[in-house]
Amino acid sequence: LASLAPDHPWLPLIQAASAVLRNDTGTARPLLAKVETHGEPDLVLRAGMLWVQARSLSDAERCARLVLAKRPGDIGAMQLLATALAPKPAEAEAMWKAALALDPANPITRSSLETHLRHLGRSHEADDLINALAGQ
């Protein structure tokens, strides 16, 4: 791709993914910044996912918020934001619930909220959630 289309917007994302897989965030950071600057929401969302993989939740949060500013209610961006907010359990829970309210059938959101609640020691609440959703 680099030789065929050196200006292709996916190129820095692919190069960043390779760097993240090598645990080379120093190389990934400017590449992901280029993706964010390009601003195409699908690319920025994927950059955010790479930031999660690189364990840089503040960068992932920024990407999620950039996407949500352009596409409010984007379930993928809401899921990314909830993941990035994991160190802030109440905020993460609120985002998982907001995403679930928009798309109650989404299996990723359902299972992630359930896991989040169980991680917080609220298994009964997680069970109630699953039972309520099963009845829909």
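**Helix α7**

I looked up which residues of α7 are buried, and found T109, S112, L113, H116 and L117. I took buried as under 20% relative accessible area, exposed as over 50% and partly exposed as in between, with a 1.4 Å probe and protein chains only. Seen down the axis of α7, these residues fall within an arc of 135°, so they line one face of the helix. The arc is that of the directions from the helix axis to the C-beta atoms. The face turned away from the buried side of α7 carries P107, I108 and H119, which are exposed.

The model is predicted: local features need pLDDT of at least 70, side-chain atom pairs count only at pLDDT 80 or more, and totals for chains, interfaces and linings use all residues. Residues are numbered from 1 along each chain as its sequence is written, and side-chain values use heavy atoms, with hydrogens and water left out.

I checked the length of α7 next. Its 13 residues should span 18 Å at 1.5 Å a residue, and the end C-alpha atoms are 18 Å apart, which agrees. The expected span is 1.5 Å times one less than the number of residues. At the N-terminal end N106 caps α7, with a side-chain oxygen 3.0 Å from the backbone nitrogen of I108. Just after α7, G121 takes a positive phi of about 80°. The buried residues of α7 pack against α5, α6 and α8; contact here means heavy atoms within 4.5 Å.

**Helix α6 and E93**

I moved to α6 (residues 89–102), where E93 is found. The buried residues of α6 are A92, E93, M95, W96, A99 and L100. Seen down the axis of α6, they fall within an arc of 165°, so they line one face of the helix. On the face turned away from the buried side of α6 I noted the exposed residues A90, A101 and L102. The buried residues of α6 pack against α5 (75–84), α7 (107–119) and α8 (123–134). For the 14 residues of α6 the span should be 20 Å at 1.5 Å a residue, and the end C-alpha atoms are 20 Å apart, which agrees.

I then asked what E93 meets. Leaving aside neighbours within four places in sequence, E93 is in contact with L113, H116, L117, L120, R122 and E125. Of these, L113, H116 and L117 are among the buried residues of α7. The side chains of E93 and R122 are joined by a polar contact of 2.7 Å. A polar contact is a pair of N or O atoms within 3.5 Å; within protein, one must be able to donate a hydrogen and the other to accept it, and residues adjacent in sequence count only if both atoms are side-chain atoms.

**T83**

I looked up T83, which lies in helix α5. T83 is partly exposed, with a relative accessible area of 31%.

I compared the axes of α1 (residues 11–21) and α3 (residues 41–53), which come within 10 Å and cross at roughly 10°. Axes are lines fitted to C-alpha atoms, for helices over the stretch in contact, and angles run from 0 to 180 degrees between N-to-C directions. That makes α1 roughly parallel to α3, the term for angles under 35 degrees. The contact is made by L13, A16, A17 and V20 of α1 and L43, R46, A47, L50 and Q53 of α3.

In α4 (residues 57–70) I counted 14 residues, reaching 20 Å from first C-alpha to last, close to the 20 Å expected at 1.5 Å a residue. The buried residues of α4 are D59, A60, E61, C63, A64, V67 and L68. What covers them includes α2 (25–38), α3 and α5.

**Positive phi in loops**

Most residues other than glycine have a negative phi. I found N23 with phi near 60°, in the loop between α1 and α2. N23 is exposed, with a relative accessible area of 61%. R55 also has a positive phi, about 60°, and is not a glycine. R55 sits in the loop between α3 and α4 and is exposed at 67% relative accessible area.

**Whole chain**

I closed with totals. The protein has eight helices and zero strands. Helices (H or I, at least four residues) and strands (E, at least two) are DSSP runs, numbered from the N terminus. Of the 136 residues, 40% count as buried. The C-alpha trace spans about 55 × 25 × 20 Å along its principal axes.

Technical notes:
Parallel < 35°, antiparallel > 145°, perpendicular 65-115°, else oblique.
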